[in-house]
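Please look through the sequence and the model below before reading on.

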Amino acid sequence: MTDLVLILGDQLTPQISSLSQASPETAHIVMAEVTDEAFYVRHHKRKLAFTFSAMRHFRDALRATGWNVTYFTLDAGLASLREAVARTLQDGSYKRVLVTEAGEWRLHQEMRSWADTLGLPVLVAEDGRFLASHDDFARWAEGRKQLRMEYFYREMRKRTGLLMDGDKPVGGQWNFDKDNRKPAEASLFMPPRHATPVDAVTQEVLDLVADRFAEHPGSLDRFDLPVTRAEAEQSRDHFMQHALPGFGDYQDAMLAAEPLLYHSNLSTALNAGLLDPLDLCQRAEREYREGRAPLNAVEGFIRQILGWREYVRGIYWREGPDYVRRNALDARRPLPDFYWTGETDMTCLSKAIGQTLELGYAHHIQRLMVTGLFAMLADVDPFEVHEWYLAVYTDAYEWVEAPNVIGMSQFADGGLLGSKPYAASGAYIDRMSDYCSDCKYDVEQKTGPTACPFNALYWDFLARHDATLRGNPRLGPVYRNWDRMDADRQSALRNSAGAFLASL
């Protein structure tokens, strides 16, 4: 053997760039479950179970196609990926190590030292599974005063030809988001959840995680995530047939009894490499072209992948490893304990966090406009918020999670990613969900111990950050509303917010 190829836990793609530069005849693959990766945040049990099971299934698939694979389970006691590579190198004569770049600055920087510590060349190949390379994003960003996703998305549409009629967007406009903000009602006709059965490999992993990670958050009950490419493709096809047609209208809706609604729940498989982003977009476009799904649904789905997913990756790598420590609003409050338990009288937070702890899943509005919104309004330290999201969601890798949290959710990058803070009162949550109907707090009440905390927190947040935010042109009308309030009204809102925050 001449090549040692390291495959990471989110690189479960047969065509991954490291493998494409090797062959079964001359390469030896190493994969490893290591404690550094398992414990660097308190990963949700479901995330760990998915990752280990998907890795073991990918190992078996590689062996079935002729690859020589050394696989270290967690019981091998290896601390790091470098240690796994070093141990494997002792068993043969290799000329180089091949690896596809890691998805996090933490590992990326560590790999830079491997050539010196391992004593042979380490070739780190760019990850070709994305539709915009690092150079592509750098060229798009160069010279721009504002790096807005919408304009990047339009360029990606033109490049790929997705939902294009010649050089014009299908339907005459690029974005149908204004059509995608309808509240949903509980219905017997919600699309059925697609459940993947647990096989022997997955059951072994579930037992391992239950034993070794008992103190980590989350539940393993009714584990049903797809852990192979074939299973992920079945989930993909189920979404396209049953849920995509309604995805557009109701993608922002929240129902306590319906964690998925019309969402795909494919991001975990996609981010681990079990699905291909361009294939997903092309299949969704076909559903529109062949008359099975409306344009607003298909455009919204494609925008999340072709636009948002590619864009946040570009931001992450462009901004560097210190991005996760940005704190433009100087927020210092510790993350409230109820983020780890779901035990709060605020029904919206209780339901969104409870669902997260049960499934390792919440859709983008639950993340942005419930859990993220509260953290921002309460001035919670954005790095603690970032680590929570990284820990509790099965689809969370730092390249995708950090810009969503630091930039969009917490406005901690000062507006690099988002044009304004996503601040809202309880009225937004009431409009888009059924949470408020079963809550201790009254969403119609603005101040006092029984008022929805979001109402006073919203105005208190704006008042606290007046010097920073008042100049934002998108917040001008909001500050004019604040200025029109009399001093007693302003004081009542701020005192109500202060009393609530003191109780956390």
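Are Trp459 and Trp482 buried or exposed? Both Trp459 and Trp482 are buried, where buried stands for under 20% relative accessible area, exposed for over 50% and partly exposed for what lies in between, taken with a 1.4 Å probe and protein chains only.

The model is predicted, and for that reason local features need pLDDT of at least 70 and side-chain atom pairs count only at pLDDT 80 or more, while totals for chains, interfaces and linings use all residues. Residues are numbered from 1 along each chain as its sequence is written, and side-chain values use heavy atoms, with hydrogens and water left out.

## Aromatic rings

The structure holds 25 aromatic pairs; rings of Phe, Tyr and Trp (its six-membered ring) pair if their centres lie within 6.5 Å, and planes under 30 degrees apart count as stacked, over 60 as edge-to-face and the rest as tilted. The rings of Trp459 and Trp482 are stacked, because their centres are 5.8 Å apart and their planes stand at 15 degrees. Since Trp459 belongs to helix H20 (residues 453-464) and Trp482 to helix H22 (residues 476-484), the pair ties together parts that are 23 residues apart in sequence; helices (H or I, at least four residues) and strands (E, at least two) are DSSP runs numbered from the N terminus.

Elsewhere, one aromatic cluster is formed by Phe338, Tyr339, Phe374, Trp388, Tyr389, Tyr393, Phe454 and Phe500.

## Charges over rings

The charged end of Arg59 sits over the ring of Tyr71, 4.8 Å from its centre, and the charged end of Arg325 sits over the ring of Phe383, 3.5 Å from its centre. A charge sits over a ring if NZ of Lys or CZ of Arg is within 6 Å of the ring centre and within 35 degrees of the ring normal.

## Helix packing

The axes of helix H13 (residues 277-289) and helix H14 (residues 295-319) come within 9 Å and cross at roughly 165 degrees, where axes are lines fitted to C-alpha atoms, for helices over the stretch in contact, and angles run from 0 to 180 degrees between N-to-C directions. The two helices H13 and H14 are therefore roughly antiparallel, a term for angles over 145 degrees. Their contact (heavy atoms within 4.5 Å) involves residues including Leu280, Ala284 and Tyr288 of H13 and Val298, Ile302 and Arg309 of H14.

H15 and helix H16 (residues 364-377) pack with their axes 10 Å apart, at an angle of about 115 degrees. Here Cys348, Leu349, Ala352, Ile353 and Gln355 in H15 meet Gln366, Val370, Thr371 and Phe374 in H16.

Most residues other than glycine have a negative phi. Leu163, in the loop between helix H8 (149-160) and strand S6 (164-165), has a positive phi near 50 degrees, and Leu163 is buried, with a relative accessible area of 0%. Asp330 also has a positive phi near 50 degrees; this residue lies in the loop between H14 and helix H15 (347-359), and at 47% relative accessibility Asp330 counts as partly exposed.

Arg484 lies in helix H22 and is exposed, with a relative accessible area of 61%. Ser219 is placed in the loop between helix H9 (200-212) and helix H10 (229-242), and, leaving aside residues up to four places away in sequence, Ser219 touches His44, Arg46, Leu357 and Glu358.

Methods
Angles under 35 degrees count as roughly parallel, over 145 as roughly antiparallel, 65 to 115 as roughly perpendicular and the rest as oblique.
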